[in-house]
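Colleague: I would like to learn how to read a sheet, a core and a single side chain in a model. Could we go through them in turn?

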Amino acid sequence: MALPHATSGQLIDIRPLGSRITTSVSNALFKTPQLELMRLVLPRGKGMPEHSVPGAVTIQCLEGAIELHAHQQTQTVKAGELVYLAGGEPHALHALEDSSVLLTLLLQPH
């Protein structure tokens, strides 16, 4: 069963999950024709294989630490840090610890 998306004006809690991180799952927070916001929960050692999306992306680490592979380099993104990637930029994520990440995707019109 899909979780409902937030509606205009509704508060969205993006605080760190803390001890709930091991039982939480990734979910889309809201989506419009131009924008999608998701919380990605990555257990230590898990990740997302290399991929790209047409629109620009921001990746904000809310808790934990992840490795980001993009632009032919690997960098560690820690809680409180954010990175922007241009549309079409191939990237991969790998969780160094149990982590949650706020992803913002600019969607391209079809």
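**Reading the sheet, the core and one serine**

Modeller: This is a predicted model.

Colleague: How many bridges join E5 to E6, and how many join E3 and E8?

Modeller: E5 and E6 are joined by six bridges and run antiparallel. Leucine 68 is paired there with glutamine 75 in E6. The two strands make a hairpin with two residues between them, and histidine 71 in the turn has a positive phi of about 55°. E3 and E8 are also antiparallel, over three bridges. Histidine 51 is opposite histidine 91 in E8.

Colleague: Where do side chains point along a strand?

Modeller: In a regular strand they alternate between the two faces of the sheet.

Colleague: Now the core. What is the general idea?

Modeller: Nonpolar side chains in soluble globular proteins tend to be buried together. Here the largest nonpolar core has 16 residues, and Leu40, Leu42, Ile59, Ile66, Leu68, Leu93 and Val101 touch the most other members. At least two core residues come from each of strand E2 (35-42), strand E4 (57-63), strand E5 (65-70), strand E7 (82-85), strand E8 (91-95) and strand E9 (99-106).

Colleague: Which residues does valine 101 touch, leaving out those up to four places away in sequence?

Modeller: Valine 101 touches Met38, Arg39, Leu40, Ile59, Gln60, Cys61, Leu62 and Ile66.

Colleague: Take serine 99 next. Is serine 99 buried or exposed?

Modeller: Serine 99 counts as buried because its relative accessibility is 0%, and the cut-off for buried is under 20%. Serine 99 lies in strand E9.

Colleague: Which backbone atoms does the side chain of serine 99 reach?

Modeller: One is the backbone nitrogen of alanine 65, at 3.0 Å. Another is the backbone oxygen of glutamate 97, at 2.7 Å.

Colleague: And which residues does serine 99 touch, with the sequence neighbours up to four places away not counted?

Modeller: Serine 99 touches Ile21, Leu40, Val41, Leu42, Glu63, Gly64, Ala65 and Ile66.

Notes: Residues are numbered from 1 along each chain as its sequence is written. This is a predicted model: local features need pLDDT of at least 70, side-chain atom pairs count only at pLDDT 80 or more; totals for chains, interfaces and linings use all residues. Side-chain values use heavy atoms; hydrogens and water are left out. A nonpolar core is a set of buried Ala, Val, Leu, Ile, Met, Phe, Trp, Tyr and Cys residues joined through side-chain atoms within 4.5 Å. Buried means under 20% relative accessible area, exposed over 50%, partly exposed in between (1.4 Å probe, protein chains only). Helices (H or I, at least four residues) and strands (E, at least two) are DSSP runs, numbered from the N terminus. Contact means heavy atoms within 4.5 Å. A polar contact is a pair of N or O atoms within 3.5 Å; within protein, one must be able to donate a hydrogen and the other to accept it, and residues adjacent in sequence count only if both atoms are side-chain atoms. Two strands pair if DSSP finds at least two bridges between them.
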